[in-house]
Every structure is written in C-alpha cells, then in structure tokens.
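Thank you all for coming; I would like to walk through one chain this morning, and I will give each cut-off as we reach the term it belongs to. Please have the sequence and the model open while I talk.

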Amino acid sequence: MDKKFKKDLVRKAVKLSPIIQIGKNGVTESSIDEIKKVLVTRELLKIRILASAYEANAKEEMIKKILAGTASEKVDAIGSILVLYRRKGSRKDTVSGSNV
C-alpha cells in the first residue's frame, strides 16, 4: 500500500464509526470471524479496543493477531481505535473454514 493510497484511506476512515469492539477476552476466534464477515462487505473497517482488553493483552500483540487472522492491512492505530483495510476479492473470504 503506497503512502497516497494510505492517506486516502485514513481520510475515509475519519467518517466511519467503530463497528467491532474487542473486550476483556481480547482477540478470540469469534472476534476474528466477525471481522472477516465485515471485511467481506466493506474494504475499510474501524475497530475499538476497549480498555479491559489492554489489561490482559498488549495492544501490538492484539493488532498482529487480528492482521494475521484476517489477511488485512493496518491503515491506522490511534489510541483505542484500529483501522483495517482489505481489498475486496483479494483473497477467498472464509470464516471458520466455510465460505461466507
């Protein structure tokens, strides 16, 4: 992802509201599946990581796990907000082994 494209994505993400919240259980298989479901219909996704998630997990560890589990790219991470991007059709979208 080049800088200009990333900058455009950050601009678009400002208007978005967080759709998914990561809570005290941290990044679980079900949260990864939910993120994948949303990324099927949207290329750009905003996630809120609640303070209770930080108590048990490091933020960067959670972000790495989300990126690896969803085959997405990090656009931005400010405070408790994470913005992800995955181009539609860039990878066969599967959730727990089944097609979505």
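Predicted model: local features only at pLDDT ≥ 70, side-chain atom pairs only at ≥ 80, totals over all residues.

Let me begin with a question: in which helix is the place of T70? T70 sits in helix α4, residues 59–70, where helices (H or I, at least four residues) and strands (E, at least two) are DSSP runs, numbered from the N terminus. Residues are numbered from 1 along each chain as its sequence is written, and side-chain values use heavy atoms, with hydrogens and water left out.

To stay with T70, this residue is buried, at a relative accessible area of 1%; buried means under 20% relative accessible area, exposed over 50%, and partly exposed in between, with a 1.4 Å probe and protein chains only. A polar atom of the T70 side chain lies 2.7 Å from the backbone oxygen of I66. If we set aside residues up to four places away in sequence, T70 touches I32, I35, K36, L39 and R86, a contact being heavy atoms within 4.5 Å.

Now the chain as a whole. There are 4 helices and 6 strands, and from the N terminus on they run in the order α-β-α-β-α-α-β-β-β-β. Of the 100 residues, 33% are buried, and among contacts between residues at least 6 apart in sequence, 67% join residues at least 24 apart. The chain exposes about 6100 Å², and carbon and sulfur atoms supply 50% of that, by the Shrake-Rupley method with a 1.4 Å probe.

What does β4 pair with? Strand β2, residues 44–49, runs antiparallel to β4 and is joined to it by 5 bridges, and strand β3, residues 73–78, also pairs with β4 in the antiparallel sense over 5 bridges; two strands pair if DSSP finds at least two bridges between them. L82 in β4 has I47 standing opposite, and A77 stands opposite L82 as well. The hairpin of β3 and β4 has 2 residues between the strands, and there G79 takes a positive phi near 60°.

A77, in strand β3, is partly exposed, with a relative accessible area of 26%. Leaving aside neighbours within four places in sequence, A77 is in contact with K59, I63 and L82. A77 and R48 are 29 residues apart in sequence and, C-alpha to C-alpha, 9.8 Å apart in space.

Finally, the aromatic rings: those of Phe, Tyr and Trp (its six-membered ring) pair if their centres lie within 6.5 Å, and planes under 30 degrees apart count as stacked, over 60 as edge-to-face and the rest as tilted. By this rule there is 1 aromatic pair. The ring centres of F5 and Y85 are 5.3 Å apart and their planes stand at 80°, so the pair is edge-to-face. This pair links distant parts of the chain, 80 residues apart, with F5 in helix α1 (residues 3–13) and Y85 in strand β4 (residues 81–85). F5 is partly exposed, at a relative accessible area of 33%, whereas Y85 is buried, at 7%.

Note on methods
Polar contact = N/O pair within 3.5 Å; in protein donor to acceptor, adjacent residues only side chain to side chain.
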